[in-house]
Amino acid sequence: MPKLRIFGGLVLLACSSTGCGLAAASPEHDNLVPADPTRIEFVDPATVAGLSPMALTDGESAGGHVYIGYPELPDAPRLNDKLREQARRQLADFRESSRNMDGAELNVEWQLTAVGDVLGVRLRTGEFRGADWGNSNRTFWYDRLSGRATDSVGLLSGRSALQEVARLVRQALRARGPEIDREQVKPDPYRFDSMAFNGSGDLVVEFDDCQLGPCSLGRLAVAVPADQVEPLLSETGRRAQQSVRMAAQRVSVKRPPTVPQPVPAAASTGAGTVNCGKTKCVALTFDDGPGPYTAELLDTLRRYGARATFFPVGSSAAARPELLRRMSAEGHLVGNHGWAHRDLSTLPSSKIADSLGSTEGVVAAAIGQTPTLVRPPYGAVSLDVRNVARELGVCLVGWDVDTQDQRDPRARSIADRAVEQAHPGAIVLMHDVNRATVDAIPDMLERLRGKGYTFVTVPELYGTNMRAGRLYTSGNKPVRKEPLT
């Protein structure tokens, strides 16, 4: 049986070990100066009306595992174009550089560094190409008043300002130790491609792993004090600084503590209405959302009276919690697909637990239920993944019908694969971030229903027989016992 969880108060969105956080992540402090001045206070994406999480994926192609997340923001067309172009460029570069390389992975997650007259979007890229995992950051800005989208150097007033910021950063790095090569801090836009502000208005300059010294240094950042950087800012930079300062002031007020409440295990409101031992059942599953087409998909499923299982990515779920609430209210089951779509099988147990636990918290806060199903990204399962799942009290879910919707833009072909491979107890893999997938659903449902199928959630294929830590790929196949440490 899944373990009962206790959650209370605000759910904190997860960040990797970057010293970063959310504006809502520290509601109890009065001091506006962060303990770590390089800490960036990110904006809760759920507070931005009209924001849509986007995802560019490449399935399990010869180029390795790819997941590139980025937001599409309202009233910011040039920023959206810039983010889309960046995602496509990263995908193309990764395909070329990792050709015929086993185990390569590209993963991009995003955060909002500012929302207001000026928008800021930070992309954090992780790459693995046969050596160590490496992280890099790039932050883009959009000035709503001027309609201009810019790289981070657009926060500064010009070349001379960039030269002065570079000098100040080199000066600050003197105390960091001899392993840092300060001569690499050059007034080059490439070096200064990720800049943002902390709550005090200091300019936080981030450098990529291995850029200024040994990779073991991890995240390296410098905060240039506000009084030193203010004369160097452009008009966009001044507006961005002011926006972040005002946001920090709004969240600095103490809030009363909340009392933790028990959160029940997630279950479909339609569970128990179908006996899959006597009925031809199929479980439609959707990964990687919620995305720009999820609401339309839910409309279609409701129209046909079909229920499904959704495995949202945590960072996207945090941006659109209302879609998760709708899934649950309409009889679907919400699971867990990890925080940022990392290949969990390559991670240590602590990071697996962090990815799943962070997503679990977001889902539980949205729907009032704890997800009990996990679909590991790329279907990749290791002994550590199984053991963490067992400790968390969740079951692992694979599939035995792959519609290949990530690689095929033709709705008819996606529907054909689902219909041709369907069988009683089938678990069908799809992705609700794909336009063609959503277009394929009406045809798919019509044809499968014509063959006598009923659409249920994954646990209904198994009754009450699912056990934590086990991998389930089909409702009509025996589950092999997995070794547990």
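Student: At what angle do helix H7 and helix H8 pack, and how far apart are their axes?

Tutor: Start with the terms: helices (H or I, at least four residues) and strands (E, at least two) are DSSP runs, numbered from the N terminus. Axes are lines fitted to C-alpha atoms, for helices over the stretch in contact, and angles run from 0 to 180 degrees between N-to-C directions. Here, H7 (residues 321-329) and H8 (residues 349-367) pack at about 65 degrees, with their axes 8 Å apart. That makes H7 roughly perpendicular to H8, since angles under 35 degrees count as roughly parallel, over 145 as roughly antiparallel, 65 to 115 as roughly perpendicular and the rest as oblique. Bear in mind that this is a predicted model, where local features need pLDDT of at least 70 and side-chain atom pairs count only at pLDDT 80 or more, while totals for chains, interfaces and linings use all residues. Residues are numbered from 1 along each chain as its sequence is written, and side-chain values use heavy atoms, leaving out hydrogens and water.

Student: Which residues make the contact of H7 with H8?

Tutor: Contact means heavy atoms within 4.5 Å. Pro321, Leu324, Arg325 and Ser328 do it from H7, and Val363, Ala366 and Ile367 from H8. By class that's five nonpolar, one polar and one charged; Ala, Val, Leu, Ile, Met, Phe, Trp, Tyr, Cys and Pro count as nonpolar, Asp, Glu, Lys and Arg as charged, and the others, Gly among them, as polar.

Student: How do the axes of H10 and H11 cross?

Tutor: The axes of H10 (residues 411-421) and H11 (residues 435-450) come within 8 Å and cross at roughly 40 degrees. H10 and H11 are therefore oblique to each other. Their contact has nine nonpolar, one polar and five charged residues.

Student: Which residues of H10 are buried?

Tutor: Buried means under 20% relative accessible area, exposed over 50%, partly exposed in between (1.4 Å probe, protein chains only). In H10, the buried ones are Ser413, Ile414, Ala415, Arg417, Ala418 and Val419. Their cover includes strand S19 (401-402), strand S20 (426-431) and H11.

Student: Now a sheet. What is the order of strands in the open sheet of three?

Tutor: Two strands pair if DSSP finds at least two bridges between them. The order is S10-S11-S12, with antiparallel pairing. S10 (195-197) and S12 (220-224) are the edge strands, each pairing on one side only. Five bridges join S11 (residues 203-207) to S12, and valine 204 stands opposite alanine 223 in S12.

Student: Is serine 52 buried or exposed?

Tutor: Serine 52, in strand S4 (residues 52-61), counts as buried because its relative accessibility is 9%. Leaving aside residues up to four places away in sequence, serine 52 touches Tyr70, Pro71, Glu72, Gly291, Pro292 and Arg320.

Student: What about the backbone: which residues are joined by a cis peptide bond?

Tutor: Most residues other than glycine have a negative phi, and most peptide bonds are trans. Glycine 289 and proline 290 are joined by a cis bond, with omega about -5 degrees. Proline 290 lies in the loop between strand S14 (281-287) and helix H5 (294-304).

Student: And where is phi positive in a residue other than glycine?

Tutor: One of the cases is tyrosine 378, with phi near 65 degrees. Tyrosine 378 sits in the loop between strand S17 (373-374) and helix H9 (383-392), and is buried at 11% relative accessible area. Glutamine 404 has phi near 55 degrees. Glutamine 404 belongs to the loop between S19 and H10, and is partly exposed at 32%.
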